[in-house]
Amino acid sequence: MLKPTVGPILGHTTTNEARIFLRGERQKDALVFAAIHYRRSGSEHWSKSVFTQLTDARDMSAVIVLQGLCANTEYEYQAGWFSPMSPTHTVDTVQELPLQWPQALYYLRTQSSTVTTPRAYIAGSCRYLRMTAGVPSAPHLGDRIFAAIENLARNTTPAINALLMLGDQVYVDDLNFIAPDREYREILAKYQAALSQPHISKLMSCTPTYMILDDHEIEDNWPANKSKSDDRLYKNAMAAYELYQASHSPAHELNALGQINQRLKQYWYQFAHGDIEWFVTDSRTRRNLADNDRRILDIEQEQALCDWLIHSPARVKFIITSVMFYPDRKRLGGDAWKAFPEQRLRLLETIRRHKVKNVIFISGDVHGSLTSRLTHSEDPDFEIHTIVSSPLCNSKWLPYAKDSTFILDQPLAQTAGGDYRHELTGKVISQDNFAHLIVDTEQIQVCFHGRDGNPLQSTQIPLR
């Protein structure tokens with residue numbers, strides 16, 4: 001067996017299930033299979049291997065689902081791919097073959113079933129990895145921050161429950177003005193390069209990873225900049241996104257056999273860890289830019305989000321939106337929630353009128369990190385927070401955000417019933433960074449770290 005060419009990437013992980021993405025390689029006309037086996041850490045006995053066939057239709061990739069796991073338990077696993085000599089083999093018959101597994105051991109820990117246990121997360125966005133003629137340029141620059149994240153994850157308590165990739169995991173459009181990548185194979189090559197660098201690969205093999213797209217997975221400021229010739233680009237970009245980012249997420253349901261249902265209804269999804277719940281929005285592909293009904297979320301998604309806000313009993317509710325919910329930028333704000341004020345106000349009013357507590361918006365996009373608190377002039381019970389984490393690796397051609405980037409001296413929204421007012425709860429961080437969140441019974445601690453892992457700023461968000 002051979003080591004995966006991309007992955008393994010540990011995806012959605014619950015108390016008893018883990019989804020693992022991996023990719024092999026084409027072998028002309030020969031069959032190709034992938035397999036994973038696992039055991040509890042410290043045990044000598046491996047599980048029965050789980051096999052799947054790899055096909056060119058999915059770029060020789062697949063997601064294998066491990067089921068029947070025990071809660072809050074560490075497992076080690078091995079993963080690989082191979083091409084059998086006989087062209088008549090099936091997933092059933094290859095189980096009888098003697099296999100020599102790649103030596104690499106990977107680790108995963110299932111989620112705890114204890115509702116109130118403290119949880120920890122890593123959040124980040126905008127990882128720039130420039131490709132020139134299909135080859136990464138100085139790839140270590142786009143990978144080094146993941147060494148710092150992996151080091152923190154290995155040495156911190158509580159353990160990291162999830163890595164949240166908030167958008168712009170790849171820059172499909174990085175050379176748009178010179179030699180734009182629009183073809184399917186070109187875009188796949190960017191994913192293969194971005195996700196197979198050594199540090200990100202090591203981190204994602206052992207940390208449950210949740211992703212959502214932003215514009216650079218397609219094209220800058222999509223769909224506002226869409227041209228008539230971009231339909232093919234969109235089709236190719238989203239096919240690649242579905243393979244490499246959405247495939248191991250909760251957006252996919254499982255079929256009766258416990259395998260991934262390849263039919264994908266939408267890109268937004270939810271997941272939960274005890275009494276902490278996450279709603280990961282698709283704030284990019286369902287936009288309506290018509291003047292009479294401007295929406296950053298489609299009707300179905302907005303309704304699902306509001307229903308969840310109102311009816312979920314979760315103690316803490318995180319909402320991921322790849323573009324900023326607030327504060328607004330002075331310039332170039334037309335790509336974020338600033339350009340959709342009616343829908344944003346509907347969400348704010350839903351939270352306020354239903355007295356929903358501990359709502360935290362998390363986003364990236366702006367190449368600067370911050371925390372901010374939003375209150376209401378006439379309703380002392382209303383309070384929400386935002387955490388912005390960006391970038392993981394900036395392009396030297398793009399500026400970092402700073403305090404003067406944002407509108408901070410005006411209400412976010414004004415209504416007949418009062419004003420929504422916001423304030424920064426820390427400085428705007430203008431360098432490569434990631435966010436480390438710890439959620440306990442009384443507060444959320446937000447610590448931003450630089451690309452070498454050094455702490456930059458810490459903020460506490462009290463829970464009510």
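**Entry 1: Trp278 and the cores**

I started at Trp278 and listed its contacts (heavy atoms within 4.5 Å), leaving aside neighbours within four places in sequence: Tyr121, Leu164, Tyr269, Gln270, Phe271, His273, Trp308, Phe318, Ile320 and Ile362.

A note on what I'm looking at: this is a predicted model, where local features need pLDDT of at least 70, side-chain atom pairs count only at pLDDT 80 or more, and totals for chains, interfaces and linings use all residues. Residues are numbered from 1 along each chain as its sequence is written, and side-chain values use heavy atoms, with hydrogens and water left out.

Next I looked up the nonpolar cores, meaning sets of buried Ala, Val, Leu, Ile, Met, Phe, Trp, Tyr and Cys residues joined through side-chain atoms within 4.5 Å. For "buried" I used under 20% relative accessible area, with exposed over 50% and partly exposed in between (1.4 Å probe, protein chains only). The largest core holds 72 residues, and Trp278 is among those with the most contacts inside it, together with Leu164, Leu195, Phe318, Ile362 and Ile444. Helix α4 gives the most to this core, eight residues. I also found a second, separate core of 28 residues, including Ile319, Phe340, Ile351 and Ala413.

**Entry 2: α4**

Helices and strands here are DSSP runs numbered from the N terminus (helices H or I, at least four residues; strands E, at least two). Which residues of α4 are buried? I got Leu233, Asn236, Ala237, Met238, Ala240, Tyr241, Leu243, Tyr244, Gln245 and Ala246. I then checked what covers them, and the list includes β1, β2 (17-23), β5, α2 (184-195) and β12.

**Entry 3: cis prolines**

Most residues other than glycine have a negative phi, and most peptide bonds are trans. The Gly7 to Pro8 bond is cis, with omega near 5°, and Pro8 sits in strand β1 (residues 6-13). The bond from Trp222 to Pro223 is cis too, with omega near 5°. I placed Pro223 in the loop between β12 (209-211) and α4 (231-246).

**Entry 4: positive phi**

I noted Asn72, with a positive phi of about 50° although it is not a glycine. Asn72 is in the loop between β5 (61-67) and β6 (74-82). Buried or exposed, or partly exposed? Asn72 has 43% relative accessibility, so I logged it as partly exposed.

Asn358 also went on the page: its phi is positive, about 55°, and it is not a glycine. I found Asn358 in the loop between α6 (341-353) and β16 (359-363). Asn358 counts as buried because its relative accessibility is 5%.
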